[in-house]
Each structure stands twice: as structure tokens, then as C-alpha cells.
Amino acid sequence: MTATTTATTPPAPPAGQPGPARGARATLAAALLSLNGLRRLGTYLLLGLVAAVATGPDGTADEPLGAVRDSILDPRIVVFLLLAVALWLVVAAAPLARPLVTTLIARVREPVVASGLPQHRYAPIVTNLVLLAIAILAPLFLSGAARQALVNDIGIYALLALGLNVVIGYAGLLDLGYIAFFAIGAYATAYFTTDKALPVHSPFLLNPFLVMPIALILAAIAGVILGGPTLRLRGDYLAIVTLGFGEIIHLIANNADNLTNGPRGAFGVPHLSINMLGLEYDWGNDPMPYYYVLLVIVVAVMIAFGRLERSRIGRSWAAIREDEIAAEATGVPTLKMKLLAFAIGASVSGFAGVLFASKQFFNPQSFSLQASFLVVTLVIFGGMGSRLGVVVGVAVLQGLAYYLRDPVPPTDRYIYFGAVVILMMIFRPQGLIPSRRRKREIQLSEQGVGGADSLGGARPEGAQA
Amino acid sequence: MSRHRRGDAVVAPRQAPTGAPSAPGAPGEDLVVDARDLTLRFGGVTSLDGVSLRQRRGEILAVIGPNGAGKTSLFNCLTGAYRPQHGRVFFSPEPGTTHQLVGRRPHAITKLGIARTFQNIRLFPALSALENVQVGIEMRQRYGSLSTMLGLPHMRRAEREGVGRAVELLRMVGLEHRIHEVSASLPYGEQRRLEIARALGTEPRLLLLDEPAAGTNPAEKRELAELIQTIAANGISVLLIEHDMRLVMSVAASVVVLNFGRVIAHGTPAEVQRDPAVIEAYLGTENGESTADAAGAAADAPALGRKDLD
């Protein structure tokens with residue numbers, strides 16, 4: 001909310017903290033032994049089990065479930081379960097440390113608090129700056145291979161997940177063919193920037209930076225073409241249609257040999273480069289320059305989407321998610337707003353496609369159904385509707401996948417991603433770092449208020465007769 | 001389907017004793033809504049059977065009738081949520097301009113100037129009271145996604161104005177102390193008023209209220225009656241579905257009675273309550289269906305009616 005709402009009263013400060021010592025012990029016991037505490041213990045134990053199986057020995061073709069048996073019987077599992085219990089204790093004790101932290105912050109920032117501004121306004125800014133600093137400095141401590149993963153698996157996917165977050169998190173639409181727009185962006189780059197990568201090429205060749213707006217618009221148009229007829233469908237049907245669309249694009253990429261070079265993919269797309277006004281720079285093979293470009297773009301997209309979320313457009317999306325019929329009756333053009341979400345999501349995906357194509361070789365495998373599911377997984381894991389959550393979710397999940405690449409073969413990765421998503425949906429549907437609005441919606445729908453379901457299922461009544 | 005205005009006969013126009021409301025349909029009359037011969041069927045069930053309804057500009061018109069009479073169906077036809085099989089609805093937001101509504105989508109009808117509330121409250125539960133009203137106000141704002149993402153000044157200005165107007169409306173319905181509260185956590189009566197504020201945010205020329213007094217206590221009902229009169233005094237026509245006859249008597253200039261999807265009576269509240277067809281519909285002759293509210297109100301109709309007709 002803007003600070004200009006003079007007539008509005010500021011939200012009440014958080015409730016008083018419980019008294020020290022005895023109160024703290026009671027709080028801890030409650031946090032541990034309440035239904036929620038026990039539920040959390042269950043989640044962590046299951047996560048530990050998944051981690052144990054994921055990093056355990058592999059099965060063989062004769063005995064595919066041997067892996068599960070061996071890793072559960074292995075004494076290693078004790079370590080994982082102990083870690084789970086430790087995590088449970090730490091999470092339960094964390095709120096106890098909060099008063100300490102807030103008094104510390106208050107002491108540091110006394111004059112500001114005295115001026116009457118609620119201090120919690122500053123907390124997110126500080127957190128964000130710290131996170132940004134980590135993002136800027138982190139790659140300096142990483143190996144070459146890790147830097148590559150940082151760009152290919154985290155940077156690009158953070159952008160993709162931010163785009164899909166508009167569709168799933170804001171508008172509440174489930175899009176399972178999201179990666180198709182990524183493919184459109186990547187192939188458009190190959191088409192417009194070089195005459196070598198694809199059997200066909202544009203009559204004039206462009207710098208990859210100039211292809212960015214083209215890819216953005218192309219992907220948005222594709223999104224509108226796909227969305228126009230299908231967004232009238234409700235939740236599950238929309239998912240199926242988008243799934244089909246993703247497959248169509250993937251199959252075209254794979255089979256139209258004389259258009260896309262088929263399964264061999266596109267080689268030789270030029271790297272990003274600037275050569276104008278006396279400025280000359282080539283991004284080359286080193287991942288670091290790409291990383292910083294991606295960082296700038298991801299931050300810019302996060303800021304832009306944050307504004308979107310807090311604007312009339314974001315409120316219309318929230319209204320559609322929560323009660324589509326009431327939204328229509330309140331004058332929200334629901335179809336148009338959904339189409340807008342679709343187009344914005346698609347254009348971000350197309351944009352990411354340009355960066356991806358100019359960074360490295362690609363073939364249709366990069367745009368498989370699995371990649372679509374991966375992005376959906378990342379959004380759900382990070383927290384639907386939460387920009388920061390989505391990006392942190394990408395970093396955590398993709399980072400884990402990178403560090404566990406030796407014990408967990410890439411072919412098995414999706415099994416464990418699947419397990420993580422199932423656990424998240426059962427125990428923490430709001431995701432790693434939930435958006436406040438979304439969290440409220442989920443709580444309310446658990447109490448039977450409102451039609452908000454996590455993936456955009458609207459109530460069946462009241463359609464056009 | 002070309003039809004004569006058969007529906008008019010059903011309305012059974014009467015001359016009001018005080019002489020104030022004249023017979024509807026007179027040439028040159030300034031109607032805000034002129035619904036003609038609406039028929040709505042769901043499979044074999046006929047929900048509306050040739051219903052016609054006329055409302056003068058600025059008037060508070062009440063639609064009453066037993067449960068299942070088709071009142072809410074009528075609202076849904078007027079607002080585009082249902083599409084009647086035949087019949088037409090003419091809506092005139094300003095004198096001289098008329099739009100045909102059947103076949104338009106609900107948001108387009110809202111944009112033309114009809115807003116509504118719902119019988120079973122439909123707020124955006126996880127949004128705050130302020131945000132609920134903002135959604136209504138912002139449907140008239142024009143700034144797009146690009147200027148939003150860039151944070152252009154005209155968009156910020158529009159947003160500030162929207163907040164200001166929303167606060168104004170919340171004050172008007174008496175919710176200024178609830179601005180930042182999640183709408184689902186408000187008490188029932190306040191949720192009803194918030195819904196009215198949200199509807200007013202769309203700048204309607206006609207406001208449809210679907211049982212606004214349901215589940216509210218007597219004090220809230222009095223406030224509601226005042227609120228409805230304030231709204232009408234601001235030049236907004238009000239079409240009201242209500243079971244509470246006291247409320248209807250105190251605010252409505254005329255009443256339309258529906259039963260089994262047909263208009264069975266139309267006139268001032270006092271006339272309607274004396275109408276044998278209405279008494280029969282509410283008290284029942286054979287099937288024994290009755291609504292205590294209406295029966296009680298029908299009994300003391302003269303007393304209440306006198307006050308209203310002055």
C-alpha cells in the first residue's frame with residue numbers, strides 16, 4: 001500500500017511477545033507437540049527418507065526397488081532421520097529467538113522507529129539487499145562447473161519460474177505447456193541471428209539483443225493464440241490443452257528437420273554482444289557475464305511483477321482466483337485478464353529463450369514435457385504467487401540437484417522432484433516462502449471460505465446458461 | 001421471435017391512490033430498466049415465464065415473492081450471469097441512451113452501469129475490505145500492464161485516487177474502521193455492507209441488491225434502510241430483492257411480486273399487500289406454503305403503508 005493513504009490506519013503492530021523463561025518453555029512445548037508441530041515432524045522425517053533414498057545406492061534392472069530396500073536398511077538412514085529431528089527442533093525454537101532479534105534491530109534503529117514509521121516496513125528491504133548481495137557475491141566462491149549450473153539451471157529457470165508464477169500464482173491458471181514459449185524464443189533467436197544454426201534463416205541478421213523484443217512479442221502472440229480459445233475452459237481442462245500445446249511445439253521442433261534441424265538441434269547461435277557507440281563487448285563462453293545479465297533481468301522482472309501484483313491488475317487476478325463470478329459482476333473482464341496473464345508469462349518465457357539460445361547449444365530435448373513440469377515444480381516448491389519464494393525455490397531445488405548430481409543420477413531426478421512436490425502439496429501448499437495473499441487464501445479455503453484452490457479451479461455454478 | 005407486448009398485461013398496472021406513480025409504459029416515461037417478456041428455462045424447469053419489469057429512473061423498486069419464485073433468476077438475467085431463452089432487456093444509464101443487455105457478458109453490463117450484490121455474499125475473501133472496494137473502482141481505470149510495470153506517474157495517480165474513493169465509500173457504508181481487515185473475517189452484516197460498497201465502486205446507475213437484509217439484526221436493518229435511501233438520493237436507481245416486508249415498506253416506492261416465474265402483482269407496497277393474488281401466493285390456499293415475515297407484514301399493511309405513501 002502506498003504511504004499516501006492518509007485516512008487509513010496503519011495495521012496493528014504484531015501481538016506482544018510471550019513473557020520470558022517460563023513462557024518460552026511453554027511456547028516451545030506447544031510448538032513441538034501441537035498438531036502442527038507433529039505434522040511438521042512427519043514432513044521432515046518423510047523428506048529425510050526421500051533424501052536417503054535419493055542419495056542411496058541405485059537399483060538394477062532386475063530389481064528396481066532394490067534401491068529403496070538397500071537405502072532404508074543402510075545405517076546411513078539414521079543420520080538423515082536425526083537431521084530431520086534436528087531441523088524440527090530448530091524450526092520449533094526459531095520463534096523464541098525472534099524477540100531477541102527484533103529488540104536487537106530496534107536498538108540499532110531506534111531513531112527511525114521513534115519517527116513513527118512501522119519498523120517491519122524496513123525488514124523486507126534489508127532482507128532483499130542481503131539476498132542481492134549474496135546473489136552478487138556467491139558465484140565468486142564457486143567452481144567453473146557450478147557457475148555453469150548457476151546460469152543454465154538457476155538463472156534461466158528463475159526467469160522461467162517468475163514468468164510461470166504470473167500464470168499459476170497470480171491468475172491461478174495451470175499451464176503445463178509453458179516451456180513451448182521458451183522454445184519459440186530460442187528458435188526465433190537461432191532464426192534471426194545466424195544463417196548457420198537452422199536450415200532456414202531470416203533475410204536479415206540481427207544482434208541477439210535486438211531479437212529480445214521480437215521473441216517477447218512472438219511468444220506473447222503465441223500465448224494469446226493458445227489462450228484465446230482455451231482460457232474459457234476451467235482448471236483441469238486448461239491444463240490438458242496446454243499440455244497438448246507443449247507437446248505439439250516439442251514434436252514440431254523434433255520432427256520438422258528442414259525447419260528446426262530436428263533432433264540435432266541448433267549449433268552456432270552467436271553469443272550476446274554489444275557493438276555500438278564505441279562500446280564493444282562479447283559475452284563469450286564464460287558463464288559469469290551471463291550470470292550478471294541474468295541477475296539484472298531477474299531483479300528487474302521481480303520489481304516489475306511486484307508492481308503488477310500490487311496494482312489494479314494484480315487485484316483483478318486475485319479477484320478472479322478467489323471468486324470468478326463475483327469478479328465478473330464487479331466488472332473485471334475475466335477472460336481478458338487471464339489472457340493478459342498468459343501473454344505476460346509467455347513473453348517472459350520467450351525472453352528467457354533468447355538468453356538460453358545465445359548462451360549455449362540447444363536441441364528439442366531442452367523443451368521436453370519434463371522441462372515444463374520442472375518449472376511447475378519450482379513454482380509450487382518456492383511458493384505460488386511469491387516472487388522471492390519462486391526465485392529462492394529455484395536456487396534451493398536446482399542447487400540441490402546440482403550438488404547431488406553424483407549420488408543422484410539425472411535420470412532419477414524427477415522421481416525425487418515428484419516426491420518433493422507431493423510432500424509440499426500435502427504439508428506446505430503455500431510453498432517455501434509463501435505470498436501473504438496466497439497463504440490467506442489457502443487457510444480460508446481450508447475453512448471452506450471462498451473458491452480459491454491452489455490451481456485455479458473455480459466453482460462450477462453460475463456459468464452462462 | 002417477434003412478440004407483442006403480451007407481458008405488459010401481466011404487470012397489471014394500477015393507479016396509485018396518492019397519484020404519485022403513474023402507470024408504467026406511458027409514452028415518454030423515463031425508464032432505467034425495461035425488461036420485456038423474459039423467459040428462462042433450465043431443461044424442463046421454467047424459472048422465468050414471460051416476466052416484464054419496468055423501473056423508473058431514480059426509483060427504489062422491490063421484487064418480492066416466495067422462495068423459488070424466480071427473483072434471483074431475474075437478477076441473473078439482468079446482469080448477464082444467465083442468458084434468457086427469449087425476451088429483451090433495455091437499460092438506459094442516462095436519459096436518451098439505451099442498451100440492449102441480453103447476450104452481453106456480466107463485466108460488460110457492469111461497465112454500462114449495473115452493479116449487484118449476491119444473496120449468498122460473494123466477497124473476495126482473502127482481500128482486505130479496501131482491496132475489495134478497489135477492485136470495483138479500478139474496473140473503470142484505464143492504465144495498462146506496461147505503465148504499471150514501469151511505475152509511470154499517471155498510474156500511481158490513478159491508484160491514489162482509487163484508494164481515496166474506496167476509503168470514501170467505506171466511510172459511507174460505515175466500515176472505515178475495518179479498512180485493512182480481511183473481508184472474510186468481518187461480521188456478517190458488515191460483509192453485506194462491504195459488498196454494497198464494492199458494487200458502488202463501479203459507479204453504477206442501477207444497483208441490484210439481492211436480499212441485503214438477510215441475516216442482519218434490527219439495528220442493522222434500520223441502517224441499511226438509511227443507506228439504501230442515501231444511495232437513491234445520489235441518483236442511483238435501486239432494484240431490491242427482499243423478504244423483510246418492513247424494510248420494503250420503508251424504502252420502496254413500488255413493488256413487483258413474482259410467483260412461479262410470473263409477475264402476479266405490481267404497485268405500491270400498500271396495494272400489493274392488499275392484492276388477493278399476493279396474499280394467496282404467500283399464505284397459500286391449498287399447498288400451505290407461507291412465509292411468516294410476509295404474512296405478518298401483510299396483516300399490518302395499512303399502518304406501515306400509510307407512512308410510506310406520504
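**Entry 1: a strand pair.** I started at B:Asp34 and looked across the sheet: the residue opposite is B:Phe90, in S4(B). A reminder to myself that this is a predicted model. Next I checked how S1 of chain B (residues 31-42) and S4 of chain B (residues 86-91) are held together, and I found five bridges, with the two strands running antiparallel.

**Entry 2: the sheet around it.** I traced the strand order and got S2-S1-S4-S5 in chain B, an open sheet of four strands with antiparallel pairing. Which strands stand at the edges? They are S2 (45-56) and S5 (99-100) of chain B; each has a single partner strand, so one side of each is left without a neighbour in the sheet.

**Entry 3: chain B overall.** Then I looked up burial: 51% of the 310 residues of chain B count as buried. For contacts in chain B with a separation of 6 or more, I see that 68% come from residues 24 or more positions apart.

**Entry 4: where B touches A.** I went to the interface and found 37 residues of chain B in contact with 40 residues of chain A. On the chain B side, helices H3 (106-112), H4 (129-138), H5 (145-150) and H6 (153-172) each supply at least two residues. Which of them gives the largest share? That is H4(B), with five residues. I also sorted this side of chain B by class, and wrote down 17 nonpolar, 11 polar and nine charged residues.

Conventions
Residues numbered from 1 in each chain as written. Chains lettered and ligands numbered in written order. Predicted model: local features only at pLDDT ≥ 70, side-chain atom pairs only at ≥ 80, totals over all residues. Contact = placed C-beta atoms within 7 Å. Nonpolar A, V, L, I, M, F, W, Y, C, P; charged D, E, K, R; others polar. Buried ≥ 20, exposed ≤ 12 C-beta atoms within 10 Å, placed from the backbone. Pairing = 2+ DSSP bridges.
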